[in-house]
Amino acid sequence: MKNFSITCERTLTNQIAFQRLGTRRHVSGRVLDTIARPPQFIVTKQPLVNFTGRAAGFHCRRCVVRMSAGRTVEGAGSVTWWGFGPATDLLSAGAVRQEGKRNVLLVGSGDPRHILKTIAGLRDTDTLHVWVIENSMEVVARQLLLLYLSLITPESMGLNEKTEVFLELFGNSEIRCQTEETLKHVAAQHSLSVTDMLDKCTPSHPCLDTSLLKFRERDELAQIFKQWQHPHSNPASVFKAWDARVRQHLGTRYDSRKGCFDWDLTMKLHQKGCGVINKQQYIKWRERGVAFEMREGLYQRANQSLLSVRVFNHRGDRVGLRGYWGDIVSSPYLSFGIETENKDLLKTQNNQHVKTAQDISVANVQMLFESLSARGGHRYTPQLVSECAGSQNISNNQTVETQPQSDLSVNDETELPQQSQDSTVNQTTEEETQTVKTASEIQTEVNKQPETHHRTHQLELINLHGVTVSFLSLDSLTKLAQKNRYSHLFNTIYCSASMVHHLDSSLKQIAAPDAILIVELAKYLLDLSKEQEATFAGKVGEIAKEVGFMPVHNHNNDAYAVFTLQKN
């Protein structure tokens, strides 16, 4: 087995960090960093190579916003674990609310906030079919996890407990032991429902459809769920991975990081209307990745659903590193914690908000769960894991002890996500060198581990009448127009900022005559200036016009741009 040892001239004690600040030169096979130029964004008409989302710059078709010195929007990360805008009822985004039978296409939404908000606004006579396209299977797995948690009945898990577990898994890099058990239980259920050999078992839920994914993608999903059940990293590895990202992002400002965090909050987020984000909570999230701490428990277990693989080029080899590659600047408070229909939660005293973004997130998520329970009809109980597996005896609260692994593990398979970046890494001395394992070694260890056993009782799920969420293949957006099934089907199309470059003229072939196009803007990307935000919004408008959409003039939400299909 080939081991990859990665070293760097930059001193990062007991860390693996990927420094992409400034230009680089190679001396005797070593990677050296030169002094970075002042960061300046430019707009270029040349496409990025190996575009992987936000970390590679915001890539509109024939338009890229990036830094001239080689530094990109590093704080947003390369994986979209949560969106950069509040939850929105997608059927109410246009001039008139859509009713009846509706089909919604989500491209790169990153989390189920829009799905839950839209379902909560449905009338009894409305039906909704949501079609989801993401840019990585790790995000698809997380979407399934969060939707599954949302559908647990109040009888199986109390409303307060479900809300706490949901928000922990949604926005915390470290979680409680009880939450980890729930994660493993849901992962075990999903791993049975997405593979071919287990087709005879009952699906995880009739509202969640993964049958349209390719066999390779379903196998990858099953592998991800298996990694959640049998984590490779020890509990301290997530914090090390997080701290490495913070060091990489701040560079020489790391020693004064609390001042940088306070500046980003006060002069950026608060100025953008996010005054409810509490300073202490935000700084704690920036330092450790723990956004929602609602109990006085120990948040020390790694949240495996926030770990993913990123591929780097190192001396001609593709090296995959498993770690945290998501947002470390904007915060998960944006999804559920900055807007609310309950104005009492927005009250201020002495120019300070009485409630925090965490309080508002809890209230909003509870309201969404109550709406799901009100719409839900008969209960749905998935088949017991032991019945599907045939030979597993499930015992209560029995867990598997896993061997500690290296801080950041590799999953360097042939079907790795195409997130190759230039190698820019990492350690100081030979003694501090971290060894990254190959995928075959990790797979051997996982296969040797016994199957994880979980609670005997099964979680009952809500069966939502007239609601279906289907997951499409990662590369299916450009192919939908070639299939009659999707011809003029979608009444609402949502596209995240990192996926705008995929929009082209074929969109008119899948858009219904009354279709609405909603595009996430760059308002809450703190690495961009106001001029760059305006430039990005202008390019989004140009692309929408090219594909046949015109702006909705009475729309007053500057986090999203809304367009309607032009009449012929």
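Mentor: Let's start with Q366: at 18% relative accessibility, Q366 counts as buried, because buried means under 20% relative accessible area, exposed means over 50%, and partly exposed is in between (1.4 Å probe, protein chains only). Keep in mind that this is a predicted model, where local features need pLDDT of at least 70, side-chain atom pairs count only at pLDDT 80 or more, and totals for chains, interfaces and linings use all residues. Residues are numbered from 1 along each chain as its sequence is written, and side-chain values use heavy atoms, with hydrogens and water left out.

Q366 lies in helix 10, residues 357-375. Helices (H or I, at least four residues) and strands (E, at least two) are DSSP runs, numbered from the N terminus. Leaving aside residues up to four places away in sequence, Q366 touches L159, N160 and T163; contact here means heavy atoms within 4.5 Å.

Now for the rings. Rings of Phe, Tyr and Trp (its six-membered ring) pair if their centres lie within 6.5 Å; planes under 30 degrees apart count as stacked, over 60 as edge-to-face, and the rest as tilted. By that rule, there are 16 aromatic pairs. Take F166 and F369: their ring centres are 5.4 Å apart with the planes at 85°, so this pair is edge-to-face. F166 belongs to helix 3 (residues 159-171) and F369 to helix 10, so to speak a link between distant parts of the chain, 203 residues apart. F166 is buried, with a relative accessible area of 0%, and F369 is buried too, at 0% relative accessibility. For a stacked pair, look at Y486 and F490, with 6.2 Å centre to centre and 15° between the planes. Y486 is buried at 4%, and F490 is buried at 0%.

Back to F369: ring pairs join F369 into a cluster with W82, F166, F170, W242, Y282, W285, Y324 and F336. The charged end of K162 also sits over the ring of F369, 4.4 Å from its centre; "over" needs NZ of Lys or CZ of Arg within 6 Å of the ring centre and within 35 degrees of the ring normal. R257 has its charged end over the ring of Y254, 4.4 Å from the centre.

Eight strands form an open sheet in the order 10-20-8-7-21-22-24-23, with mixed pairing; two strands pair if DSSP finds at least two bridges between them. At the edges are strand 10 (208-209) and strand 23 (549-551), each pairing on one side only. Helix 1 (residues 113-120) packs on this sheet, touching several strands, among them strand 7 (101-107) and strand 8 (127-133).

pLDDT is the predictor's confidence in each residue, from 0 to 100. The protein chain has a mean pLDDT of 77, and 70% of its residues reach 70 or more. Over residues 1-71, pLDDT stays under 50, and over residues 384-457 it is below 50. Where pLDDT is low, the predicted coordinates should not be read in detail.

Key:
Axes fitted to C-alpha atoms, helices over the stretch in contact; angles between N-to-C directions.
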